[in-house]
Amino acid sequence: MNPHTHFATLARYNVWATARLLDAVAQLPEADYRRDVGLFFRSIHGTLNHLLVGEHLLWFPRFAEGVSPRLALDDEAEPDRARLAQRLAEGAARWAPLIASWPAGRFDGVLSYTTTRGEPAALPFAATLTHMFNHGTHHRGQITAALTALGQPCPVIDLVYMLQEESRPS
């Protein structure tokens, strides 16, 4: 399998699923959006902030610049709801060009970084990049469960549906 093709698919999926989720979340009343619904980061807002911190403020700089910012995983990096959605969408769009810029051998290497606890870490590059995309899928799934529990429509965001959309004649 070509790693560029594989990770480009995951990056497209991240953009696609994030957009669908944000469209569904935009329909929520403010009280439901910020309500503690029992998620690990309590609310939909808290979980979206965690996605911003994890994917875009921690992992992206680690992969793109080799730097490890010191942030807590539960930091509220963006209190404004609309701006948070915008930053998530913009952040998701940054992954595909970054992935395309790497030589094929990079995927067989190691990602060295510092954890949020300040400890040095070195993990397989491709597996860690897979983790980054899988992490987003995990938390989007939590948010869709919260939407369902709140009696709201839940977007269909399985990867296979994106692939089916892409394969349809235009």
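The lining of the largest cavity divides into six nonpolar, three polar and two charged residues. The model is predicted, and a search of the whole structure finds one cavity of 30 Å³ or more. This briefing then turns to the pockets and to a surface patch.

**The cavity**
- The largest cavity has a volume of about 60 Å³.
- Its lining consists of Asn14, Thr18, Leu21, Leu22, Leu48, Leu51, Glu55, His56, Leu88, Ala92 and Arg140.
- Two or more of these lining residues come from each of α1 (3–25), α3 (44–65) and α4 (81–101).

**The largest pocket**
- The largest pocket has a volume of about 210 Å³.
- Among the residues that line the largest pocket are His50, Trp59, Arg62, Tyr113, Arg117, His131 and His135.
- The elements α3 and α5 each give two or more residues to this lining, and α3 supplies the largest share, five residues.
- By class, the lining of the largest pocket has four nonpolar, six polar and two charged residues.

**The second largest pocket**
- The second largest pocket has a volume of about 160 Å³.
- Residues lining the second largest pocket include Phe40, Phe41, Arg42, His50, Asp74, Asp75 and Glu76.
- Three nonpolar, five polar and four charged residues make up the lining of the second largest pocket.

**The surface patch**
- A nonpolar patch on the surface is formed by Val156, Val160 and Tyr161, which together have about 250 Å² of accessible area.
- Val156 lies in the loop between α5 (125–149) and α6 (159–167).
- Val156 has a relative accessible area of 43%, so this residue is classed as partly exposed.

How values were computed
Residues numbered from 1 in each chain as written. Predicted model: local features only at pLDDT ≥ 70, side-chain atom pairs only at ≥ 80, totals over all residues. Heavy atoms only, no water. 1 Å grid on protein atoms, 1.4 Å probe; cavity = no way out; pocket = protein on both sides within 12 Å on 5 of 7 lines; lining within 4 Å. Points joined across faces, edges and corners; volume = space filled by probe spheres on them. Helix = DSSP H or I, 4+ residues; strand = E, 2+ residues; numbered from the N terminus. Nonpolar A, V, L, I, M, F, W, Y, C, P; charged D, E, K, R; others polar. Patch = residues over 30% accessible without salt bridge, like charges linked within 9 Å, V, L, I, M, F, W, Y side chains within 5 Å. Areas by Shrake-Rupley, 256 points an atom, 1.4 Å probe, with all protein chains shown as cover. Salt bridge = Lys/Arg side-chain N within 4 Å of Asp/Glu carboxyl O. Buried < 20%, exposed > 50% of the residue type's maximum accessible area, 1.4 Å probe, protein only.
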